[in-house]
Amino acid sequence: MASSLSDSFVFVDEGSKGDDKNKGQRRLTRQNTNDAKTSKTPTPTPTPTPVPTPQGSTILKRAATVTPPVAHSSGTGTNTASSSSYAHDWSKAATNGGLSLHGRHFVDGYGRVCLPRGVNLSGSCKSPLNENPATFWSRRREVTFVGRPFPLKDAHEHFARLRRWGLTFVRFLITWEAIEHKGPGQYDQAYLKYLQQILSILPEYGMLAMVSMHQDVWSRFSGGSGAPAWTLEAVGFDLEKLEVTGAAWLDGVRDKELKERGIWPTGYQKLAAATMSTCFWGGDTFTPELKIEGEPAQQYLQSRFLKCWQVVAEALGGLEAVVGFDMLNEPHRGYIDLPSLHNWDYNTDLHLHNIPSAFHSFALGAGYPTTVPHWVRSFPMPTKIGNHHTLNQQGECVWRPNGPTGGKCLWEMHGVWTFDEKYKTAIVLRENYFKNNPKTGEKIDWYTDFYYPFLQKWAEIVRKACPLPKIVFVEPIPNEFCPESWTPERQIPEMVFSPHWYDLDALFRKEFGNFTVNVQSLSRGVFPLKTFFWGHPSARRNYGIQIRNLIEAGYKSLGERPVFIGETGVPMDMNKAEAFRTGNFTWQGRMMDALICALEQNLVGFTLWNYNPLNEDATGDQWNGENFSWFSNYRARKIGSGTNEQGDSSLDQGGRILDTIVRPYPAKVAGIPLKFEYEVNRGEFTFEWARPNSSSSSTTKNQNQHQMDASASSSPSVKSPPLDGHPEITSRITELFVPHQLVFGKKFVVAFDGAAQGSQWWYDAATQTLYVEQPDPATATATGTVYKMIFGLTPPNSTKWPLRSHWEDFAMYYLSILAVVLAIIAYFAL
């Protein structure tokens, strides 16, 4: 890369921040003061002289080679993007018709590759507005979700804030319960109207939404979120006996101030959630005797779920801002594929608190007191059995006498187990019931036998209900790679693979420091020492490896389809919630930086978990003790007390660790992205992108090299995206989001190399967008097809935390240990 930093300007503010009266004072001037006009013809620029930064003026000083922010036309006469839009604006006007899919990329109407990023909105959508622990059971059909994630009157404030932060792609959460809580076929029209109204505001802020039907552990009434209570009742559960029989853990959805957090995922292994998921996906196979209102259980549940989705698609499918739908958050097998009724897989299923096996759960639910292992946190293994507890000593039965099972355990009814009255003990009768088809004996696979067929049925129903084309986002089971069985005939059109990724070790321990673990590899049998990483650069590398594995597994199974990380995030209450007492969120910032650096290394779009206005330090995100939101209303400015302009810094109030979340990124790229790296400690980024191969042009040396790099890999690679077959790119303008808070009051420099030499650039402070107009390939003098640029503050930011290697961090410890060992050896030698 060229070492000279050819262009420089200063951005500081004149007048009060966000004051519309001063908006007209924003102006563009040249670095030199000879002429206030800017020529269309690039002219040589001397090395810039540092410009004083008078605090209190809105001035953009730049080199004479910069073109003013007006519409451009290319030398070839093709249509080009206009700089009247901004980088993080995904509206149809800004993208020339909206986003579509091509190969592994999102592309706009100009053929530019787009890299959207944003937030999950929001964790508060899991619980109703009128939630009351005292009436948890009695008013389960009288809840309302109107106002989740926030009241309609507050929407402009929140959307303006997210736009200022460059997080304009939203994964908008809804639940089955929110729509159909009153009973089967009774849809909450007020809630659907609320959804229409709030999502209709998004285009005003250049935002898009992917609407996701959320669930965790099946339902709020089995310890999570998602399905309405009547689904559990339909299968035969007595809701008020779920807890006493150990069929569900409900503390997290009723008690906002939990003593022990992180237990809720164990609900997937408990009777209620596991039974519901099994009936939903595979009831025809595993519960053929269960009829609900005359219908087989699987057909009853699925038909109502699909009808609910049809209602949603009809209500929201015509909205410009709704780019697509996500069928179901983090689907789960239930008991399907379970190899043993006597235990769960320690490597994949959380073992914490009371963990009954499937067999234990059957007996407990049927009213037989049963002793189960109680798991506690430990080291070096995450958990161990601490003791044993006898549950359901009252002998309560969770199955309703007037339910479809007649008060009998559903699994006893199907001959999976029985209770021997003579010996007073429960007995397993069919150990492999969930592993093989009970009728044919053939091996079962959840994906091929149940998930793929249902996904195709859902996609067809949703598409027919939508007046506009939509993208569909699909997920695997959490913490699993994309299955190799997802072959082309099982895929659906316009599909985006949208897995989730979290640092499971940090989430479980609620700790982050100089040591991280690659749980992904550890759980797959890799030698433990190879999964340990020390230091911040290594944390970035660790996360990058895991996310790359997830993405490339998707490419390997699905081919060239887009991958988008639907959930990933950082707990704010880590390290024993010390930051809430001290106000120092450095470790949260470091973890978030490692995470987003890893995502950027892999050139993948994402939505962070989560933006939750209801978050408070003591109660977190108001659900199961989670505390992921880096924003809270109670710390923010009063709604409506400032402007909604992108330059209004008062919108930042209420946010935490914003310097690591709100960061530059390439949003719309006139080429194929190859590399992006941002160093938060210096406020510097490097970006490389390539010109796609033209079918009519000869392949250059650089193109040959890139194709060789790609073919050298045995499987598709994040680092070697295909350059052939891309649609024609009719714009030479690349748009990068560069946040106001990064450059405010500072000088920054931009330099180009490779095919980007001769590019023109300009920065629009009002829209936080850095525009790069690359040379016309027909007239450019630079050689090669790879564009390179560097952006940096001058002087750089002060270091936020040390970027030392493992040896720099721990050398003194090792030397101390070595000294002790040598001393001991010397002592005994003498």
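Leu818 lies in helix 19, which spans residues 806–829. In this predicted model, Leu818 has a relative accessible area of 45% and is therefore partly exposed. Together with Leu815, Ile817, Val821, Leu822 and Ile825, Leu818 forms a nonpolar patch on the surface, and the accessible area of these residues together is about 560 Å².

Gly655 is placed in the loop between strand 23 (605–608) and helix 16 (658–661). Leaving aside residues up to four places away in sequence, Gly655 touches Trp165, Trp630 and Phe631. Between Gly655 and Asn633 there are 9.0 Å in space, C-alpha to C-alpha, although the two are 22 residues apart in sequence.

Helix 10 comprises 20 residues, 446–465. From its first C-alpha to its last, helix 10 reaches 27 Å, close to the 28 Å expected at 1.5 Å a residue. Among its buried residues are Trp446, Tyr447, Phe450, Trp458 and Val462. The cover over the buried residues of helix 10 includes helix 6 (271–286), helix 7 (297–316), strand 12 (322–326) and strand 18 (471–474).

The confidence of the prediction also deserves attention. The protein chain has an average pLDDT of 87, and 85% of the residues score at least 70.

| Stretch | pLDDT | Contacts beyond near neighbours in sequence |
|---|---|---|
| Residues 1–82 | below 50 | 178 contacts |
| Residues 696–713 | below 50 | 18 contacts |

Notes. Residues are numbered from 1 along each chain as its sequence is written. This is a predicted model: local features need pLDDT of at least 70, side-chain atom pairs count only at pLDDT 80 or more; totals for chains, interfaces and linings use all residues. Side-chain values use heavy atoms; hydrogens and water are left out. Helices (H or I, at least four residues) and strands (E, at least two) are DSSP runs, numbered from the N terminus. The expected span of a helix is 1.5 Å times one less than its number of residues. Buried means under 20% relative accessible area, exposed over 50%, partly exposed in between (1.4 Å probe, protein chains only). Contact means heavy atoms within 4.5 Å. pLDDT is the predictor's confidence in each residue, from 0 to 100. Patches are made of residues with over 30% relative accessible area and no salt bridge: like charges are joined within 9 Å, nonpolar side chains (Val, Leu, Ile, Met, Phe, Trp, Tyr) within 5 Å. Accessible areas come from the Shrake-Rupley method with a 1.4 Å probe; for residues, only the protein chains shown count as cover. A salt bridge is a side-chain nitrogen of Lys or Arg within 4 Å of a carboxyl oxygen of Asp or Glu.
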